[in-house]
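Here are some friendly notes to read alongside the model. Take the points in order, with the structure open beside you.

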2 protein chains.
Amino acid sequence: MDEQAKKTALRMIPYGLFVLTSKSKDGSELSAATVNWVTQTSFAPPLVVVGVKNDSGAHKHIKESGVFAVNVVGKDQLDLAYTFFKPTQREGNTLNGQAFENGPATGVPLLTATPAWWECRLVAEVAKGDHTTFIGEVVEAGVRTQDQTILMRDHNLNYGG
Amino acid sequence: MDEQAKKTALRMIPYGLFVLTSKSKDGSELSAATVNWVTQTSFAPPLVVVGVKNDSGAHKHIKESGVFAVNVVGKDQLDLAYTFFKPTQREGNTLNGQAFENGPATGVPLLTATPAWWECRLVAEVAKGDHTTFIGEVVEAGVRTQDQTILMRDHNLNYGG
């Protein structure tokens, strides 16, 4: 295989940015990580796929609790996205300095600064590579503000290839 | 669940457009369909997820042959994308009027007008909704021209929610 062509071609998939949130089984630990490998894969039921690094806190928590949320990063929220490249630090009702509330359906944290979110219950997973493909059914959703999702390519960011 | 919020939130996932190509088991039938539910989900091995409608020709062919290709639709190729919303008609070395060649690794059709493509071998599938989540390992790729992928939101197109 032409490795350079593979990298270039796969980097042509356009991506937004999302903060993936989850919790440990007993809810005592929370995780929040910026991800981009997200797509819907069914209307009925509404299913969403997220690719999550195998050695990440989010991966551990989703495996344990079977629930997660996707928080949409708005087009002017690059700083917020960067915040969640770092390990998750909770202080009161903040994660890495960002306020959160508990999701109504699953109890996972929802970042109140983001324009929209949805909560998922895990229905399937495929562990075949360095990331696991988690498939979640959307069980609750909310929209806080009208905004467009940030686009990685507008900021010369890549995670793929 | 708030159905309107679910629809609005899920439609915030930004998508490109891609022509998914495949073939029947014996190679006598070819399929080409415009899709948008595409994301990478692993670097090593390189894995890609595609959500494919259960009652489509592409779905039948991928199940039969276990191979498919993703052809990237360039930013000025909206007409090409629309062409493959229609049933696939082969005439000589064209599909719906678009020239193709056979992929070097899998033999599935590659549209020569598109800026980039990759071929996949099916490694897993999850059938939980009205679309099937196919997970393919990228086995060959090519880049024909420098271009950006078309963005659905730039054309007020939605397939999600």
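1. Let us begin with the interface. Chain B and chain A bury about 4700 Å² between them, and carbon and sulfur atoms give 67% of that area. Buried area here is the accessible area, taken with a 1.4 Å probe, that two parts lose on being put together, summed over both. B:Met12, B:Gln40 and B:Phe43 supply 15% of what chain B buries against chain A, more than any other three residues.

2. A word on what you are looking at. This is a predicted model, in which local features need pLDDT of at least 70 and side-chain atom pairs count only at pLDDT 80 or more, while totals for chains, interfaces and linings use all residues. Residues are numbered from 1 along each chain as its sequence is written, chains are lettered from A and ligands numbered from 1 in the order in which they are written, and side-chain values use heavy atoms, leaving out hydrogens and water.

3. Now the contacts (heavy atoms within 4.5 Å). On chain B, 56 residues are in contact with 56 residues of chain A. The rule also finds 18 residue pairs in polar contact across this interface, both residues being at pLDDT 80 or more. A polar contact is a pair of N or O atoms within 3.5 Å; within protein, one must be able to donate a hydrogen and the other to accept it, and residues adjacent in sequence count only if both atoms are side-chain atoms.

4. How are the two chains related?

5. Finally, look closely at A:Ser42, which sits in strand S3 (residues 38-42) of chain A; strands (E, at least two residues) are DSSP runs, numbered from the N terminus. Is A:Ser42 buried or exposed? A:Ser42 counts as buried because its relative accessibility is 0%, where buried means under 20% relative accessible area, exposed over 50% and partly exposed in between (1.4 Å probe, protein chains only). Its side chain reaches the backbone oxygen of A:Pro45 at 2.7 Å. Leaving aside neighbours within four places in sequence, A:Ser42 is in contact with A:Leu47, B:Trp37, B:Gly129, B:Asp130 and B:His131.

Technical notes. Helix = DSSP H or I, 4+ residues; strand = E, 2+ residues; numbered from the N terminus.
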